[in-house]
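Here's a friendly walk through a protein model and its ligand. Have a look at the picture first, then read on.

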Amino acid sequence: TTTSAFIGLGAMGFPMAAHLARLAQDTGGHALVWNRTPERARAHAAQHASTAVDLQDCAQADVLFSCLPTSAEVDEVIRQLGSRLRPGTVWVDCTSGHPDSARRQREVLSAHGVTFLDAPVSGGTNGAQAGTLTVMVGGPVAEVDAVRPHLAFAGKVVHVGDTGAGFAVKAINNVLLAVNLWAAGEGLAVLGKHGVDIGAALEVINASSGRSNASENLIGQRVLTREFPVTFALGLLAKDAGIALDVVESVKGSAPVLAQTLGLYRAAAQIIGEHEDHSAALKLIERMNAQEIT
Ligand code: NDP
């Protein structure tokens, strides 16, 4: 039987770990959970029949998952677990992390006999609840194949390359989300100033070639409604855009649109607030144009 452990029961980790608890129940395994704020782990145990444990106990897991804000917090828990780590454990990091960190973390963990896979996810909190996340994994193919049966929160698992490739693909995916969201916001704000009904314009765009996930889902559900529900923080999307630009720089690439997007989301995070939802970036466009997108 398999023992899993999940470190970081945030907006994503909490529902992801619920799928691991269900898998453990179905297979006679164990699902351990740990969170910095322990009330959240206790709530998880009560709601999903997982076992809330101390951080040190997570080192006993066969498969150890983490989903923390950045690679820096993952470094911190690796340091805290230290010599408790057990040979044979597979560490699956679902954080949207940094490719350089992945290579370093794989090396640090290998000294303990632990293998590391970067396995960030896409699909948002809805996908995490439904268990339909897309997982992009970096690492040796045999290790990736061995971990596939344990990814109970996944709808799709793609091996994208060596260690760090998962984080690189995730960062580029998210900067594309940022580009699409921002560009749609600019376009709609301008149409609003032009006297066009923004809801009607969005309906047209969503039946036309200018559509994107941002136009089809985010803007209608979060911006036009003025709800801006916080499921994915603006500060985290700005962080992902920064990682994407580090990827560009690492290959001396030319990606001026992505570079400008990083600058815009840093501005939005600082002016609108890093803890606001990512869709609230469009509030900065509204100020720039003195035009609400509604
Ligand atoms: P949240 O802010 O909701 O959760 C962060 C988690 O990390 C919490 O469990 C928090 O614990 C924990 N944490 C923060 N700092 C530390 C620390 N120093 N030591 C230990 N634990 C810490 O973030 P999300 O769940 O939204 O995001 C997690 C990762 O997933 C990020 O990399 C994000 O970019 C990525 N992601 C997010 C998506 C989304 O839609 N939200 C979608 C896909 C990827 P505590 O409860 O104590 O604060």
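Let's start at the ligand: the residues of its shell split into ten nonpolar, eleven polar and five charged. In that count, Ala, Val, Leu, Ile, Met, Phe, Trp, Tyr, Cys and Pro are nonpolar, Asp, Glu, Lys and Arg are charged, and the others, Gly among them, are polar. This is a predicted model, where local features need pLDDT of at least 70 and side-chain atom pairs count only at pLDDT 80 or more, while totals for chains, interfaces and linings use all residues. Residues are numbered from 1 along each chain as its sequence is written.

Altogether 26 residues surround the ligand, and the closest are Gly10, Ala11, Arg36, Thr37 and Phe232. (A residue is near a molecule if its C-beta atom, placed from the backbone, lies within 6 Å of it.) Helix 3 gives the most to this shell, three residues; helices here are DSSP runs of H or I with at least four residues, numbered from the N terminus.

Now zoom out. The chain is divided into domain 1 (3-162) and domain 2 (168-289), with bounds from an automatic or database domain assignment. Their centres, taken over C-alpha atoms, are 28 Å apart. The ligand's shell draws at least three residues from each of the two domains.

Where do the domains meet? Twelve residues of domain 1 are in contact with 14 residues of domain 2, contact being C-beta atoms, placed from the backbone, within 7 Å. On the domain 1 side, six of the touching residues are nonpolar, six are polar and none is charged.

Notes
Helix = DSSP H or I, 4+ residues; strand = E, 2+ residues; numbered from the N terminus. Contact = placed C-beta atoms within 7 Å.
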